[in-house]
Amino acid sequence: MKFEQNFTPQQNQVQKMAMTQQLQQSIQMLQYNQEDLVSFLNQKALGNPLIEVTVPSEQSTVKSLSSPVAKTRIYNRDDEETNYMNQIPDTYLSLFEYVSEQIHLTMRDTYLRELVLWLSEYLDTNGYLTVSLEDAARITHAEPIQLLDALTLLQQLEPAGVGARNLQECLMLQTERDETAPNMAYLILEEEFDLFANRKWKEITRKIDISLNELQLISDFVQNLTPYPGALFNGEIEQFLKPDLFIEIQSEKLNVISVKSGLPVISFQKDYYEDMLQVKDKDVTTFIKEKRAEYEWLKRSLIQRGDTILRVGTAIVEKQRDFFILPEHPVQPLTLKEIATELDIHESTVSRSVNGKYLETSFGIFELKHFFTNALSFKKGESSLAEASTSVSSEQVKQQLAQLIEAEDKQKPLSDQKIVDILTTDGLEISRRTVAKYREALSIPASSKRKRFEA
């Protein structure tokens, strides 16, 4: 009797642990691209003699947007175990999710945070910002100074260099944050980037009081920086894009097609299973039944993965109908939360369904993430930083900055760092990034572009 009392809780604990592992693997299956999914299933097949993995050449499933099925839940089974993907919060972070999490944890819920979140949606997989501030201002109707404030905050997040608009800025952001950087490393990257990158160091020494030995130390330091700060979040770089969905347009009727070509299919080895059941061995029978249960679970998970991606893709296409119909291909404001609410699934499920998943059209292939962008309503006074930009102190800084640049020697214009030094001498504590921010707000180019060679 004591043995039975001790045995029952032990059995329940083992079942709970097994379920947890299945949930984790199901989450992985949703976020896998096609190649990763094939590798995952092949690995499973190595330990399960009942599973055979094949990759069919052609097969497809069509859902019409005009069909009520496309607007109803696919997960209508009574077994709650089939709905696990909808309920598990995100634990596997992409670069966008990692940055977004930092924004929510470190910034107050203000209008400025909305801007930072909006910009973060335009980060590519390498961590670079793919939208110009001019286009951002046109789309959001934000003031240039507000967008510069938001960009500055975005570029202060991890990984160092995120939010850069080009390689030069990426290296400068990392150098500025690194306390081990050589003294003149930032200045060289800011003022003489092209000469430095092309190893025209003697020309640099003729312009700046620096030795070749110091330039070599700076070069050694820069070699250890990363040109792709977001690369750590990419498992591997795909050589070819394999669309998961295809959209077919017939008389303005949009059909979303699930592309099965290249998608793995698992088959059950029924003959082997029946042969093993004939073996009069309890351990063999237990083993073979466990492997059959694993096959059934994998089969359900594969179906659910495909259904989830198709449902999310269908909902996106419904929201972005103009993109596929109109020649301008406009992208309407859309958030992950809107799709999650409409489909009654977790927001992280939508995120996994769009990251690394592609939709093929007659005019190109697009990642599903491409169709998400925030709509911002701007009201005067919502941003404390924007209010500060119109205060007397900040206006004084901008006026002094403009006066300094107006009076500078055009053959030897002032760098941002030199402006910092001058303003500091005048009693104004200000950073290089703030000087650059106000200079851009005044539409004043960098010193390298202000230089003139007078005859």
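1. Starting with the fold as a whole: of the contacts in the protein chain with a separation of 6 or more, 67% are between residues 24 or more positions apart, where contact means heavy atoms within 4.5 Å. The protein chain has 22 helices and seven strands; these are DSSP runs numbered from the N terminus, with helices being H or I of at least four residues and strands E of at least two.

2. A word on provenance. This is a predicted model, so to speak of local features pLDDT has to be at least 70, side-chain atom pairs count only at pLDDT 80 or more, and totals for chains, interfaces and linings use all residues. Residues are numbered from 1 along each chain as its sequence is written, and side-chain values use heavy atoms, with hydrogens and water left out.

3. On burial and surface: 44% of the 455 residues in the protein chain are buried (under 20% relative accessible area; exposed is over 50% and partly exposed in between, with a 1.4 Å probe and protein chains only). The accessible surface of the chain is about 25300 Å², and carbon and sulfur atoms hold 50% of that. The areas are Shrake-Rupley values with a 1.4 Å probe, and for residues only the protein chains shown count as cover.

4. Now the cores. The largest nonpolar core contains 27 residues, and Ile-339 and Val-350 have the most contacts inside it. By nonpolar core I mean a set of buried Ala, Val, Leu, Ile, Met, Phe, Trp, Tyr and Cys residues joined through side-chain atoms within 4.5 Å. At least two residues of this core come from each of β3 (245-250), β4 (253-259), α14 (282-319), α15 (321-325), α16 (336-343) and α17 (347-354). The largest share, six residues, is from α14. Apart from this core there is another one of 25 residues, including Val-99, Val-116, Leu-154 and Val-162.

5. What does Val-350 touch, leaving aside residues up to four places away in sequence? Its partners are Val-312, Leu-336, Ile-339, Ala-340, Ile-345 and Phe-372.

6. Aromatics next. The structure has twelve aromatic pairs, meaning rings of Phe, Tyr and Trp (its six-membered ring) with centres within 6.5 Å; planes under 30 degrees apart are stacked, over 60 edge-to-face and the rest tilted. One of them is the tilted pair of Tyr-32 and Phe-40, at 5.6 Å centre to centre and 50° between the planes. Both Tyr-32 and Phe-40 are buried. Trp-118 and Tyr-122 make another tilted pair, with 4.7 Å between centres and 45° between planes, and Trp-118 is buried at a relative accessible area of 0%. Look too at the aromatic cluster formed by Phe-323, Phe-324, Phe-363, Phe-366 and Phe-371.

7. Two arginines sit over rings. Arg-199 lies over the face of Trp-201, 4.2 Å from the ring centre, and Arg-292 has its charged end over the ring of Tyr-273, 4.9 Å from the centre. The criterion is NZ of Lys or CZ of Arg within 6 Å of the ring centre and within 35 degrees of the ring normal.

8. Thr-361 deserves a look. It lies in strand β6 (residues 358-361) and counts as buried because its relative accessibility is 6%. The Thr-361 side chain reaches the backbone nitrogen of Phe-363 at 3.1 Å, and a polar atom of that side chain lies 2.7 Å from the backbone oxygen of Gly-364. Not counting residues up to four places away in sequence, Thr-361 touches Ile-247, Phe-324 and Phe-366.

9. Finally, some backbone geometry to check. A cis peptide bond, with omega about -5°, joins Glu-158 and Pro-159; Pro-159 is in the loop between α7 (144-154) and α8 (167-177). His-141 has a positive phi, near 65°, despite being a residue other than glycine. It is in the loop between α6 (133-140) and α7, and at 62% relative accessibility His-141 counts as exposed. Ser-443, also not a glycine, has phi near 60°; Ser-443 is in the loop between α21 (432-441) and α22 (447-450) and is exposed, at 65% relative accessibility.

Conventions:
A polar contact is a pair of N or O atoms within 3.5 Å; within protein, one must be able to donate a hydrogen and the other to accept it, and residues adjacent in sequence count only if both atoms are side-chain atoms.
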